[in-house]
Amino acid sequence: MTPDPRFPADFLWGAATSAYQVEGSPLADGAGPSIWQRFSHTPGLVKNGDTGDVACDHYRRYEEDVRLMRELGLTAYRFSVSWSRVLPEGKGRINERGLDFYRRLVDALLANGIQPVVTLYHWDLPAALDDRGGWLNPDIAGWFAEYAAVLVRALDDRVEMWSTLNEPWVVADGGYLHGVLAPGHRSLFEAPLASHNLLRAHAAGVEAYRALGRHRIGLVVNIEPKDPASDRPEDLAATARADAYLNRQYLDPVFLGRYPEEMREIFGDAWPDFPQADLDHIRQPIDFLGVNYYTRMVTCDDPRALPVRAGRVRQTRHAHTETGWEVHPPGLTKTLVWIKERYGDIPLYVTENGAAFYDPPSAEADELSDPLRVSYLRTHLVAAREAMRQGVDLRGYFAWSLLDNFEWSHGYSKRFGIVHVDFETQRRTPKASARFYSEVIRTRGAVLP
Ligand code: BGC
């Protein structure tokens, strides 16, 4: 008998966005500025001088966007809350008008049968907190818990799935080590402190949730499997360092209560002795883990690529996305199975998966052909189903992204949406990938090979 190819009836089918990337109106209705407001308004930091001032205008067009989600048959929408809309100074005074936007959005989703999945922090720290040291200030764990409590009090009666942070690795690596993302610091010594405070804030947020919330809270990480370029001991060691830095730096503390050994080898004197009491606190049970998967890295020893001393070997015979990422669906299966094997049988969600490709102009006004993205989604959904066949408790999948949007330092030059956005007119046009995904949802995956 062939196994049922369909996904379970309660599998969540979603798409994801984040506040600064889609909302626009960053200072409307009493909101305070975020670090992304400052970063994007600093000349030279974002491609073409793009900013999130308008983005997809989702702040004002959310009803149209929710209708679109319903037309596509989505059963869940993962979005993030802008901290400085709700707490303009990052702490203290609550801006009810900012909070109202999220109340309206959640109500619209529920009225359309779509489950809201809320991320508390997707990179847009209130600028007022950055002025106090941002992720380098140990007090940030308390600030984050206060912010989490405000949201949970306002929305937990209607929101059943929460996550604390989106991709802490990117915050520390892009924001504090390499400076390509806000707040744009470049310091070997700051990155470990930022990472540790991100984890402390995550734990404080979970604790605040346990005191006030009645549903589920988790963490979202980006995972990129590291495959050695050869069997040379140097390449194998580089692969282990790269894996520790990206894949285990956050999950080992959360699930095992310790940092990977390789961290000191990578950071040398810049890696402090963190107190075990912090790690005991960080190791708090969470209800699920969200995994963002885009690509893998074939890894070689590279003494120039500091601090990890690991380089990426480009796989010239394989397809790559417009951001230069190798398309490698087996890496998704491998990642999900690896998490189960290393950290235990926790419920998992693919909270982001998708690709930027150049979308050729279409003769049809109402559909855009994006065959590479269709193929990307198809092969990764098959890879997700394969992980389930191997025993992984995968409960949902979220395409990144619902809409073409502000791709951080790339500005609007990279399109990840399954729905095309014309940034002149704000017209939304579902691409072929949206239609394809809709069919997958309607048939619960029976259309997949
Ligand atoms: C982030 C998104 C981003 C996407 C594509 C993820 O790292 O969570 O905000 O747009 O990747 O780069």
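This is a predicted model: local features need pLDDT of at least 70, side-chain atom pairs count only at pLDDT 80 or more; totals for chains, interfaces and linings use all residues.
Two strands pair if DSSP finds at least two bridges between them.

**Figure 1. Strand β1 and its two parallel partners.** β1 covers residues 12-16. On one side, β1 pairs with strand β11 (residues 394-400) in the parallel sense, over 5 bridges. Leu12 faces Gly396 of β11 across this pairing. Strand β2 (residues 76-80) also runs parallel to β1, joined by 3 bridges. Here Gly14 stands opposite Ala76 in β2.

**Figure 2. Side chains of β1.** In a regular strand, side chains alternate between the two faces of the sheet. Leu12, Gly14 and Ala16 point one way from β1. Trp13 and Ala15 point the other way. Are these residues buried or exposed? Both sets are buried.

**Figure 3. The closed barrel.** How many strands form the barrel? There are 8, in the order β1-β2-β3-β4-β5-β7-β10-β11, with parallel pairing. From one strand to the next, the twist averages 25°. The contact of β1 with β11 is a parallel pairing over 5 bridges.

**Figure 4. The β3-β4 pairing.** Strand β3 takes in residues 115-121, and strand β4 residues 161-166. The two pair in the parallel sense over 4 bridges. Val118 stands opposite Trp162 of β4. Both strands belong to the barrel listed above.

Figure 5. Asp301 forms a salt bridge with Arg241, with the closest N and O atoms 3.3 Å apart. Asp301 lies in strand β8 (residues 297-301) and Arg241 in helix α10 (residues 233-248), so the pair ties together parts that are 60 residues apart in sequence. The two partners differ in exposure under a 20% cut-off for buried residues. Asp301 is partly exposed, at 27% relative accessible area. Arg241 is buried, at 4% relative accessibility.

Figure 6. Asp302 sits in the loop between β8 and β9 (310-312). Its relative accessibility is 14%, so Asp302 counts as buried. Which residues does Asp302 touch, not counting those up to four places away in sequence? They are Arg309, Ala310 and Gly311.

**Figure 7. Asp370 and a network of salt bridges.** Asp370 lies in the loop between β10 (348-352) and α15 (371-389). Its relative accessible area is 3%, so Asp370 is buried. Asp370 belongs to a network of salt bridges that also links Asp359, Arg373, Asp404, Arg415 and Lys431. Leaving out residues up to four places away in sequence, Asp370 touches Asp359, Lys431, Ala432 and Ser433. Phe357 is 13 residues from Asp370 in sequence. In space, the C-alpha atoms of Asp370 and Phe357 are 7.9 Å apart.

**Figure 8. Two salt bridges with partly exposed partners.** The side chains of Glu89 and Arg93 meet in a salt bridge, at 2.8 Å from N to O. Glu89 is partly exposed, at 34% relative accessibility. Arg93 is partly exposed too, with a relative accessible area of 46%. Glu96 and Arg103 also meet in a salt bridge, at 3.1 Å from N to O. Glu96 has 40% relative accessibility and counts as partly exposed. Arg103 is partly exposed as well, at 23%. The count for the model comes to 38 salt bridges.

**Figure 9. The whole chain, for orientation.** The secondary structure comes to 16 helices and 13 strands. The radius of gyration is 21 Å, close to the 22 Å that the globule rule gives for 449 residues, so the chain is as compact as a globular protein of that length. Along its principal axes, the C-alpha trace spans about 60 × 55 × 45 Å. Of the 449 residues, 63% count as buried. Among contacts with a separation of 6 or more, 76% join residues 24 or more positions apart. The accessible surface comes to about 17,200 Å². Carbon and sulfur atoms hold 51% of that surface.

How values were computed
Residues are numbered from 1 along each chain as its sequence is written. Side-chain values use heavy atoms; hydrogens and water are left out. A salt bridge is a side-chain nitrogen of Lys or Arg within 4 Å of a carboxyl oxygen of Asp or Glu. Buried means under 20% relative accessible area, exposed over 50%, partly exposed in between (1.4 Å probe, protein chains only). Axes are lines fitted to C-alpha atoms, for helices over the stretch in contact, and angles run from 0 to 180 degrees between N-to-C directions. The radius of gyration is taken over C-alpha atoms; the globule rule is 2.2 Å times the number of residues to the power 0.38. Contact means heavy atoms within 4.5 Å. Accessible areas come from the Shrake-Rupley method with a 1.4 Å probe; for residues, only the protein chains shown count as cover.
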